[in-house]
Amino acid sequence: MPRRPRLRTAAAASVLTVCCSLSAPTIAMAGDFDRNELSGRELSAGFAAWPDDMDLRPSAPCSSTSKVQCVNQSLGVGPIVRGAARRHRGNLYVASEAVVGVRLPDGQFSAFPVLGVGAGVGWETAADSYKRLRGYGEFGLGLVYGGTRVSDLLKVHLEAGLRYRVQTYERPHTYLHIGVRAMTNFAHVGAALAAGVGWAFD
């Protein structure tokens with residue numbers, strides 16, 4: 001007689017295990033569905049002033065007592081093209097980007113190609129891509145080379161802008177975007193303005 005409850009308990013445990021095993025994929029799929037993930041791609045063009053090119057050697061003997069007047073400093077300015085990819089989880093997103101451009105000649109600095117890669121985290125005012133007008137803010141890091149010193153490569157940026165959906169397809173949704181970026185290499189401050197088109201997949 002004492003063995004029957006043990007058999008019933010073992011059978012109940014087996015049934016429970018089987019039910020949990022069968023329901024686990026359903027629970028996982030529901031979790032994936034509720035995450036509301038969204039991916040976006042952007043291609044934009046603009047103009048930037050990179051916080052680079054600090055030359056501590058004066059071009060002529062310096063008679064001033066102020067070190068600032070004896071420093072040759074030039075911001076690398078020029079046109080850029082930027083491609084970016086984002087992955088949203090609700091209002092938050094992570095992003096990566098690649099930048100190509102040209103630094104225009106300026107004084108002692110000649111024209112030079114600009115190449116850069118970066119990543120960032122941001123927040124958008126909409127959790128999906130159906131809202132017509134969305135604002136965003138982003139913080140990130142990047143490496144940008146334009147004939148500069150190695151110590152000038154690393155840059156921190158803050159960017160804010162707007163995204164405006166112009167057309168909705170089943171996949172993707174097309175939108176226009178404009179963003180303003182402030183950046184620093186921990187010594188100088190630069191800025192960039194970029195506008196273009198994007199595609200959102202959700």
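**View 1. The charged end of Arg 163 over the ring of Tyr 136.** In this predicted model, the charged end of Arg 163 sits over the ring of Tyr 136, at 3.9 Å from the ring centre. A further contact of this kind involves Arg 134, whose charged end lies over the ring of Tyr 175 at 5.3 Å from its centre.

**View 2. The aromatic pair of Phe 112 and Tyr 145.** The count of aromatic pairs comes to one, and this pair is formed by Phe 112 and Tyr 145 in an edge-to-face arrangement, with 5.7 Å from centre to centre and 85° between the planes. The pair links distant parts of the chain, since Phe 112 belongs to strand β6 and Tyr 145 to strand β7 (residues 133-145), 33 residues apart.

**View 3. The pairing of strands β5 and β6.** Strand β5 (residues 92-103) and strand β6 (residues 112-124) run antiparallel and are joined by twelve bridges. Within this pairing, Ala 95 has Gly 120 of β6 as its bridge partner. In general, the strands of a sheet pair through backbone hydrogen bonds, in either a parallel or an antiparallel manner.

**View 4. The closed barrel of eight strands.** Eight strands close into a barrel with antiparallel pairing, and their order is β1-β4-β5-β6-β7-β8-β9-β10. From one strand to the next, the twist averages 25°.

Notes. Residues are numbered from 1 along each chain as its sequence is written. This is a predicted model: local features need pLDDT of at least 70, side-chain atom pairs count only at pLDDT 80 or more; totals for chains, interfaces and linings use all residues. Side-chain values use heavy atoms; hydrogens and water are left out. Two strands pair if DSSP finds at least two bridges between them. Helices (H or I, at least four residues) and strands (E, at least two) are DSSP runs, numbered from the N terminus. Axes are lines fitted to C-alpha atoms, for helices over the stretch in contact, and angles run from 0 to 180 degrees between N-to-C directions. Rings of Phe, Tyr and Trp (its six-membered ring) pair if their centres lie within 6.5 Å; planes under 30 degrees apart count as stacked, over 60 as edge-to-face and the rest as tilted. A charge sits over a ring if NZ of Lys or CZ of Arg is within 6 Å of the ring centre and within 35 degrees of the ring normal.
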